[in-house]
Amino acid sequence: MAAMASLKSSLLLPCPLSDFSGAALSISSQTRRRSWRSRGATIKVSAAADSKNILVMGGTRFIGIFLSRLLVKEGHQVTLFTRGKAPITQQLPGESDAEYAEFSSKVLHLKGDRQDFDFVKTSLAAKGFDVVYDINGREAVEVAPILDALPNLEQYIYCSSAGVYLKSDLLPHFETDAVDPKSRHKGKLETESLLESRDVNWTSIRPVYIYGPLNYNPVEEWFFHRLKAGRPIPIPGAGNQITQLGHVKDLATAFGLVLGNPKASKQVFNISGAKYVTFDGLARACAKAGGFPEPEIIHYNPKDFDFGKKKAFPFRDQHFFASIEKATKELGCTPEYDLVDGLTDSYNLDFGRGTFRKEADFTTDDIILGKKLVSV
Amino acid sequence: MAFSSTAAATAAAAFASGHRSAACRPSSKSSSSFLGASFPRVSAVRRCAASGAPARRAVAVTVRAQAASAGGKKSVLIVNTNGGGHAVIGFYFAKELLAAGHAVTVLTVGEEGSDKMKKTPFSRFSELTSAGAKTVWGDPADVGAVVSGASFDVVLDNNGKDLDAVKPVADWAKAAGVGQFLFVSSAGIYTTSDEPPHVEGDAVKESAGHVGVEKYIAGEFTNWASFRPQYMIGSGNNKDCEEWFFDSKNTNPPAKILANFQIPTRTNLRKKRNLAGIVRKRPVPIPGSGMQITNIAHVRDLASMLALAVESPGAAAGKIFNSVCDRAVTFNGLVKMCAAAAGIDAEIVHYDPAAVGVDAKKAFPFRNMVPPH
């Protein structure tokens, strides 16, 4: 690991989630804020000197839950804009009462529907915010009223998706790769274009597959259901398709590192795990994470089946992975979790405690396994 | 990959990581493209050199060693294999060094008059000698005698695949006070992994010959480096994996493969470029789905990397480097790119080698697994 160790020590700043001291923030604070001089000659490492009024669009479901905690810990004022359908705050598994009380007492809520553009514009203009984290935006039209309401916005940080990349035989995807204007994620692309065209300091983050406790997308959950039920895992094709998962806490850290960072100004970053994984490998990693025996994997040709509207496998049936080198180099951050550790974290804090978002549905599995459905 | 579970098991081997800066472009002599991830301390070393680096220069070993540590002109010995995919590496490395003004001797294994020397890159050695290189032939086990007692600052072993072959060269180099020992290893030594890409430091097959060599030279030299390439292409290549695509005997698959496929007869009018004025559609047989991934680098990029190690020995010392392109490519993608390069249309024909009775290893020039990247 000599080369990598040297690389890390010479280029990178350490950034464990629990200890985010905002080193990057204090560097940028020197260049931007004249007022720090009045606080004395010493450079404050803590971000308190840079406390921002931050608006998070969303923030109560998955990424935002971890991101908002990180921002509050750093001393920022954090407001979550949601319809209020999910609880504004919920104590996380493994989170102490004291930590939760600290967070929930500080985080603010702005109740509203972001599809109500007039409301968005007036309420945001009335409050004024320094920074917007847009975690749940899908279409460019949703973003325009926010920009209109906040002409002095310091930074608009957008959660886009690596799904915008045009499928390619040459991988991994880099931020400069061609994007697909016809993809399912074209709304994200259009949003990025809008941000580019407006005179705003924007940053766009493109995650690949996100996983971790409270994931509402059945990524690891899909495997855990089958492993728990002792069922074989049906994987399309040869199982050597390569994909990539990134832990939600590492994603939150990355979102934190772009805040006030001049290197992130008008830049796109792929954020995901440091390593990729084959479909078969992911099944094995999930088994390890949950303490299950080595899984039985059944390969099948998806073209031989008609599953109707149901999805037989949670990943797109192709190679799909992106390079995170730009973020590593420019932002100085590497993911803290490797795949098995991250899946173990997810299992221990979520599925392993008996919680999950979607009930197990083995309909397509049974079609593949050739079992007849018996109606009771 | 054929849709069978046994095939899938072997296909799970990972590919090794190539950093973005090691771009798949012919690199210029001053190759700043490698001053990124692979050589993080290069700029630090250069700053030290500029400011005088007093601690290093004050250590008087010999006049030659001081000149070497300053990054001045070096005398380099390349012990080169006489065949196979790595043969061309020494050729390009020699060219890089010569262009930078270093003194180069190439020791090719075997005899100058052997039939092997009729193939490239050996048949192009005049390009080296006219630029000032010395070329000698002989047995690496006798390296001292073959080079007639000459001394060198740097030795690259681009020949041995195991310690039996490299040890005599390494031992001689150590005794002769050679300052830097470089070794061309192989990215094929990484153990199969579910999690590509392979990065330096990942587990390797302990029984692999190259692994034994890396361990040995790490113990013998302070200033050593090992380079792990995957597949190399480039003009002058001794083992032409890319040629396979252009050879009509390969691109007209035998009847038993074609039996179940219909080859369209209508030519693709969008592709106007053609060979000899005729647009041809060439069927190219690929075992399995064609989704298998490989990594192809241009040998010029590997040569640049080696040259950088010579010019910045401090940055390279004690390290292992994957020497690959920054992107992997699928077999399907490779065929399409070769076709585009040749200006012809390729029709990919997938087949299951087991079902057809073809040995997949011989049917296709790249390993049917996901290699290091």
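**Charges over rings**

I started with Arg316(A), which lies over the face of Phe320(A), 4.2 Å from the ring centre. I also found Lys326(A) over the face of Phe269(A), at 4.8 Å from the ring centre. For this I count a charge as over a ring if NZ of Lys or CZ of Arg is within 6 Å of the ring centre and within 35 degrees of the ring normal.

**Ground rules**

I keep in mind that this is a predicted model, where local features need pLDDT of at least 70 and side-chain atom pairs count only at pLDDT 80 or more, while totals for chains, interfaces and linings use all residues. Residues are numbered from 1 along each chain as its sequence is written, chains are lettered from A and ligands numbered from 1 in the order in which they are written, and side-chain values use heavy atoms, with hydrogens and water left out.

**Ring pairs**

I describe a pair of aromatic rings by the distance of the centres and the angle of the planes. Rings of Phe, Tyr and Trp (its six-membered ring) pair if their centres lie within 6.5 Å; planes under 30 degrees apart are stacked, over 60 edge-to-face, and the rest tilted. How many aromatic pairs does this rule give over all chains? I get 28.

I looked at Trp222(A) and Phe223(A): their ring centres are 5.0 Å apart and their planes are at 80°, so I call the pair edge-to-face. Both Trp222(A) and Phe223(A) are buried (under 20% relative accessible area; exposed is over 50%, partly exposed in between, with a 1.4 Å probe and protein chains only). Ring pairs also join these two into a cluster with Tyr209(A), Phe279(A), Phe313(A), Phe315(A) and Phe320(A).

Over in chain B, the rings of Phe125(B) and Trp137(B) have centres 6.0 Å apart and planes at 45°, so this pair is tilted. Phe125(B) sits in the loop between strand S2 (103-109) and helix H6 (126-129), and Trp137(B) in strand S3 (residues 134-138), so the pair ties together parts of chain B that are 12 residues apart in sequence. Helices (H or I, at least four residues) and strands (E, at least two) are DSSP runs numbered from the N terminus. Phe125(B) is buried at 7% relative accessible area, and Trp137(B) is buried at 18%.

**Thr108(B)**

Is Thr108(B) buried or exposed? Thr108(B) is buried, with a relative accessible area of 0%. This residue lies in strand S2 of chain B. Not counting residues up to four places away in sequence, Thr108(B) touches several others, including Phe125(B) and Trp137(B); contact means heavy atoms within 4.5 Å.

**Glu190(A)**

I found Glu190(A) in helix H7 (residues 186-197) of chain A, partly exposed at 39% relative accessible area. Leaving aside neighbours within four places in sequence, Glu190(A) is in contact with Glu139(A) and Ala140(A). Glu190(A) and Ala140(A) are 50 residues apart along the chain, yet their C-alpha atoms are separated by 5.6 Å.

**Chain A as a whole**

I noted 13 helices and 14 strands in chain A, with buried residues making up 57% of its 376 residues. Mean pLDDT (the predictor's confidence in each residue, from 0 to 100) is 88 for chain A, and 85% of its residues reach 70 or more. Over residues 1-48 of chain A, pLDDT stays under 50.
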